[in-house]
Structures are given as C-alpha cells and as structure tokens.
Amino acid sequence: MPKARLSLLLGWLVALTANGCSADQRVLGKISALLGDAGLADADAADADAGDADAGDAEAGDAEAVAEIWVPFGAIAPHPAFANVCVGGVGVCAQADPTLTADELELYFTSNPNGDYDIWLVKRESATAPWGTPAKVDQLSSTSLDETPEVSADGLTIYLASERPGGVTPGRRLWVSHRAKRTDLWQPPTPVTDFSTGADEDTSPSLQRDQLMMVFTSLRGGDWDLYATTRQSTADKWGPPKALTTLNSTAYDWDPAVYRAGNSIVFASRRSNPLNSLFHATRASAAEDFSTPQPATEFNFLGNAGDPWLSDDGKHIVFDSRQNPSKIYEAWR
C-alpha cells in the first residue's frame, strides 16, 4: 500500500476516535486486510525507491507520530494477588490505588485493615510466579491518611499522597521516597515542595515512564482537576503545573494513569454520574493537547471504577472498584 493511502487510513481512524467512535476488532480486521502482504510489498518497494533519504528517515523514526486508537480490553477479573485475601486478616477491608513496577513484580496499594489507610505491598519472584502475602510498608506509612502511591518503572522512586504532619501546609500533599536498589528499604518520605503552595491539596500522582512528566489531581482550581508538571531530568525540580483543560470538566476529574510515553491517559471522572467512571484520551505527541475524553465503557459496569494503572504499552490495566469494600481488578488487550 502506498504511504499516502496508509496516512489517509490512519488519519481516518484518528478522526473517528476524536469524534467519539471506538475502533473495535472488526475495524482492526479491515485494517489488517488492507495492510496485507501485497500492501506491505508496495510500501517496501516505495521505501526502496526512495533510497538513502528514506533510510535516514527510518533511522530517525520514519513513522509519523499518531494518536492511540482505543481498543477495548478483554475480560475483567479480580486481581490474583488478592484472591481470598483480606489484608491483615481481620474482617472486611479495602484494597485500592494499585501501582506496579514495569516488570510487574511489585504491586503497591492502599488498604485499611486497622481503619487507617496505609501503603501496602505484595510481591512475586517472576511474572509467572504466584503472588506472596500482602504486607504494610512501614517506611511509607504514617498514623495519618496515606494513599494513591505511584511507583516508578524501575522501582526506585515512589510518590504518594499523605495528610501526615510536615507537609508544606496541613492537608493532603504529595510526598516522595527513594531507594538505591530494589532490595533496600524505602527512605523516609519527604514533601514535594517544587510546586505545592498555600491551601492547594494534591493527590493521585502518575509518572511518565522516564519520570520527566507527572500528572496528578489537585484542588488548586477550586475542584478536583488534572494537572501536569514536567522537568528536564530526574535531578531537576518539577516545573509549574498546568491544567489539562481538554480533560477537565466541572465535575471531579482525578486518578490519572499515563502510558505510551505520556501520550495516552486513563482517568476517573464523575462527569457522567455521581460515582467514578473511567475515561480515556490520547495525543500524537507531548506538543499537542489531549483529545476529548471518551468513556471506557468496558469497565464502568462495575460501578465506581477508579485509580487505574496501565503498563506503558497499554496492554494491561489494573484498577479498583469502590463497592464497599473497594477491590482491585485487572484486564488485558
């Protein structure tokens, strides 16, 4: 298939999603048919004819950046790390706010077996090994509210929201902790002071894989909305947060999860009903605004779905549904 036809086809799909349509498996099947062996041969021939110029483009990343085409997730099931487990073994308790390392061997979450929300961890030895027994992470927890952890891809940095004393001002604030290697204990969390000011409350951080962008939830605009902050390197301070205006509404918008190098996002919102529902949006690059959010309808039948985490390739989602008690679920695509 000539490159011009391929670009038109991709543009058509992006336009569909921007106008509230979803590409299902039948659409993807048609794409596969159009991009069959003959089409691929045509594209290869065109590339060969272009010679050194196209070769140079290929080395620099020949394909133009395109926004994600949303493909619905498959079957939703309780996460196996919590099968028949009530953290702490007492009564009924909640499991919420899941976040995983990139290798998916460590899953941090929030639980309240003793009535106080703290940071907990469940681990496994390999991607095929069974999950161990959940345990509270004492180094990250306090006697105050501790919630919405976000562990970095390499497992050496973790952000969380907390109402513990010592923040910039009283209230829910972002804190961060580090460790030199995965077998080390976490260092005592310190407040994120780079952009926290006045009475603004911040929660629900989500890190881009390279840790150069963070999307979080804040009250600084008057209600819970989504903001993004960036930095040039992990040694630099975070820059001034900017409201993600194409994602925010007059209702609560929170619990973001960024993936695809920060160019796709799933988040919770109450714009459709009094309970949380998951929405998704995308963009072709960080230079663009996110698209108009669309409901991720495959999750919202559970009711009050929120706090998603996604693998950076977008194939695995872990999230909670707060149905008294809150439980953690997962799905794949």
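Reply: The side chains of Asp 202 and Arg 220 come together in a salt bridge, with 2.9 Å from N to O; a salt bridge here is a side-chain nitrogen of Lys or Arg within 4 Å of a carboxyl oxygen of Asp or Glu. This pair links distant parts of the chain, 18 residues apart, since Asp 202 belongs to strand β10 (residues 202-207) while Arg 220 sits in the loop between β11 (213-218) and β12 (225-230). Strands (E, at least two residues) and helices (H or I, at least four) are DSSP runs, numbered from the N terminus. Asp 202 is buried, with a relative accessible area of 1%, whereas Arg 220, at 22%, counts as partly exposed; buried means under 20% relative accessible area, exposed over 50%, and partly exposed in between, using a 1.4 Å probe and protein chains only.

The model is a predicted one, in which local features need pLDDT of at least 70 and side-chain atom pairs count only at pLDDT 80 or more, while totals for chains, interfaces and linings use all residues. Residues are numbered from 1 along each chain as its sequence is written, and side-chain values use heavy atoms, with hydrogens and water left out.

By the salt-bridge rule the count comes to 16. Another of these joins Glu 68 to Arg 333, whose closest N and O atoms are 2.7 Å apart. Because Glu 68 lies in the loop between α4 (52-60) and β1 (77-78) and Arg 333 in the segment after β20, the pair ties together parts that are 265 residues apart in sequence. Glu 68 counts as buried at 12% relative accessibility, and Arg 333 as partly exposed at 27%.

A further salt bridge brings together the side chains of Arg 322 and Asp 320, at 3.7 Å from N to O. Asp 320 counts as buried, at 0% relative accessibility, while Arg 322 is partly exposed at 33%. These two residues also belong to a network of salt bridges that links Asp 97, Asp 307, Asp 320 and Arg 322.

Asp 320 leads on to Ser 326, because, leaving aside neighbours within four places in sequence, Ser 326 is in contact (heavy atoms within 4.5 Å) with Asp 320 and Ser 321, as well as with Cys 93, Ala 94, Gln 95 and Ala 96. Ser 326 lies in strand β20 (residues 326-332), and this serine is buried, with a relative accessible area of 6%.
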